[in-house]
Amino acid sequence: MSRIGKIARRTFLIGSAAVVGGVAFGAYYIGRPAPNPLKPEPGQAVPNPFVVIDQDGVTLVAPRAEMGQGVQTTWAAMIAEELDVDLGQVRVIHGPAAAAYYNTAMMGGLLPGKEYEMTAFQHGIADVLGKVGKVLGAQITGGSTSMADGFPRMCAAGASARETLKEAAAQRLGIDRSRLTTRDGKVIAPGNVELRYEDLAADAAKLSPVTDVALRDPSQWRYLGKSVPRVDMAAKATGTAEFGIDVRLPGMKFAALKANPARAGMAGFDASDALRMPGVEQVVDLGDAFAVVATNTWLALQAAEAVKPDWDAAAYPADTDAILARMARAFDGSPDSTMRDDGDVATLPAGATEVTADYTVPYLAHATMEPMNATALLKDGKLDIWCGNQAPILVQDHCAAAAGVAKEDVEVHTTFLGGGFGRRGDFDYAVYAAKLARAMDGTPVQLTWSREEDMTHDFYRPAALARMKGAVKDGKVVMLDGRIASQSAIRQYMTRMGLSPVGPDKVMVEGAFNQPYGIPNYRIRGYVSDLALPVGSWRSVGNSHNGFFHECFVDELAHAAGADPLQMRYDLIRDIHAPSAGTLAAVREMSGWTGKTPDGIGRGVAFCYSFGTPVATVIEVRNEDGAIRIAKAWIACDAGLALDPSIIEAQMTGALVYGLSAACFGEITFSDGAAEQQNFYDYDALRIHNCPEMEVRVLETNPYLGGAGEPGTPGSMPALANAIFDLTGTRPRKLPLMHDFDLLV
Amino acid sequence: MSTTLTVNGTPHDIDLPGEVPLLWVLRDALGMTGTKYGCGVAACGACTVHVNGTAVRSCQMALADVDGPVTTIEGLGTPDAMAAIQAAWVDHQVAQCGYCQSGQIMQAAALLADNPAPSDDDIDMAMQGNLCRCGTYPRIRAAIHTAAAKMKEA
């Protein structure tokens, strides 16, 4: 506890809130197991919150949001590995909102300092700090933490369930448990006696679960470390996977939402025209928005356009230029953070050449394929809510308040997510549905956002500005001094959660201050703008802009130094963090990097360490009849033990495409306080014809488990920008690239 | 006004205005939710179904304009009896979030019906209207080639 207390006295964002909570509750509370939220029915064995066995079979609970990253498959594989069940024969569900499902890894990642430098002892502190997540009800899928969180806890859950079933069999057969084995969902006794888990469930339910079971050696693994078929694949290939928008309940009504495009309040509305339209039943005031309730979604969407609302004005400047000018004023104030300050950046080393560059990146929408939606039913004082979400306990808390019921009377049903990317860590879509359900007591209602509503009411990736200064001497980088201004996405999110953020914002400067470069004079400062424009976590969060700033600027320094940009990075990193250098060596080999490219071809490299995983990226662009084609990409990552290589590869390529889409075409601009982009025709992404060929190498030298879902994004944008410089001789310093370059569309 | 709509071989009487898009007839009136709403303006392809065997964006086709039988993802195959194209999707582990995949598969099925051995350029031409925010394009391409090869053998 003294160690946590010491950390608690150093204020830093989230970490402090978590630790204060933990200290207040004390070690006992933090260490005590959370109650098992699964209440067994007669004949059903629930040895722990992750395994349910009854007459119908085995159900594994993977309480992390399946938004495409494959988390349910790998979590289920961890349980199945020890439980000895066939992954293809079990059911995998999200399970309820419950404290038992808290994320043990997320809080640890918010410790101060650079993660790549953490010692084993510090990783231990992170584990302890992680348990504080339980106190805060942090059942959150985010921060690329699911593997570090689940492994080997889920193996232990499977092992405990297995031994409990064996104990039930041992008692029935009157022999010692040690004489029993398990295979394919059965306990095997001497003489080839087989007892199905299903048939042991009723007896197992009467036992105290067997714990303290030794886990199997990785050499015995059948699932882990291998690419296994995803448990959700057949459903997703046949249209039978249920997303939030697919929930259908008897007597359900369909509603469309419209909220203030300037993200402010609503003075009132005139719904008289809408109410005369066919199929329209009512228009409900939701405070700063209204919902049109009809017999189908399309009729509701049409009628919503006929309502005449009286919106309040925005609480931030009305257009993009004014917003960015306001953001730039943050540089005039004092820094929010100086998370890195090595050597002396105030003095230009004698004989060194100074290099400066400014960069700008825009606001970005998440643009999940499934627009925001939620379905709710308030009946007899109890609220049921169905939606894809990344934080069920937050959904539960905030919907309880919105519907006017106790938290215990809210049941959250988490469906598949038609994309998350951070957007569904928020819960506004669920709260609106809960408010609507309150006005329709007894009637289930699905509240859907049009694509336009989704695009214009996001919690955006904030725009960000960088002022970079550096110096080179004798072919080497001797100084890097970066200043970054943006909004604090994390501070806004914590405020929406109901917490009080304190301390500097580490997330806003991640991807810049915490890179394993051995630059002797090295400083990164963050400047937080007080703009009130709604922002949130977008795949890789601060890394998404800082990866661009840092890695474009390192490239400019290499150019000024006359050094090869890949070799220079490798030389600066090699002695600091070997797994990081290993990723650079890998992409050099994979791409056949020579540092030279023929006319009509450009290559760029970038590196970023994020979420515990170093990733190096090389991108090749080609001049194709005057248009720039992103032809190839090579990615090397090192997330440590690769629990499922196919899923890691898919995440790396997907994250790269997500980042390249933003780099090429992504921007949200504002006019009269409202987002101007409406739909995929003006917020487009890479498609099959302009998506590069991609090759991934999954390295496993990292001694700690890193993330997979986000780390592929930060390096994508600078690698592309650096390749375009190599091709054209023009330095891209502003995104999206479509404004300044002729990209293949 | 009642309209008769044949979906996956089954006729349905639909009592909705003729301008309601086929997408919403399928999803909200018939409860067939495999076909997805993504954009409402034919910019993403998530709502792709077959009408008379041709791939169409169901968000842009009014109920009154549906002039033949409709096939949706549910009619292509089921988890226990998948069509070759769906089995190829599983072989290549294509889906991530999965939301766009019904539309991708319906578009790919129509491509293969027209062109049993599509080149990469053919695939680019046919599939570029189908957006995937998870970036599963390389596996989509591989799955189409595999399905083409399997269907040739059959």
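1. The area buried between chain B and chain A is about 4500 Å². Carbon and sulfur atoms give 62% of that area. Buried area here is the accessible area (1.4 Å probe) that two parts lose on being put together, summed over both. The model is predicted: local features need pLDDT of at least 70, side-chain atom pairs count only at pLDDT 80 or more, and totals for chains, interfaces and linings use all residues. Residues are numbered from 1 along each chain as its sequence is written, chains are lettered from A in the order written, and side-chain values use heavy atoms, without hydrogens and water.

2. Who takes part? Chain B brings 52 residues to the contact and chain A brings 59 (heavy atoms within 4.5 Å).

3. Four salt bridges are counted between chain B and chain A. A salt bridge is a side-chain nitrogen of Lys or Arg within 4 Å of a carboxyl oxygen of Asp or Glu. Glu649(A) and Arg139(B) form a salt bridge through their side chains, at 3.1 Å from N to O.

4. On chain B, the elements giving two or more residues to the side that touches chain A include helix 1 (22–29), helix 4 (101–114) and helix 6 (137–153). Helices are DSSP runs (H or I, at least four residues), numbered from the N terminus. Helix 6 of chain B provides the largest share, five residues.

5. Away from that topic, look at helix 15 (residues 489–497) of chain A. Just after helix 15 of chain A, Gly498(A) has a positive phi of about 100 degrees.
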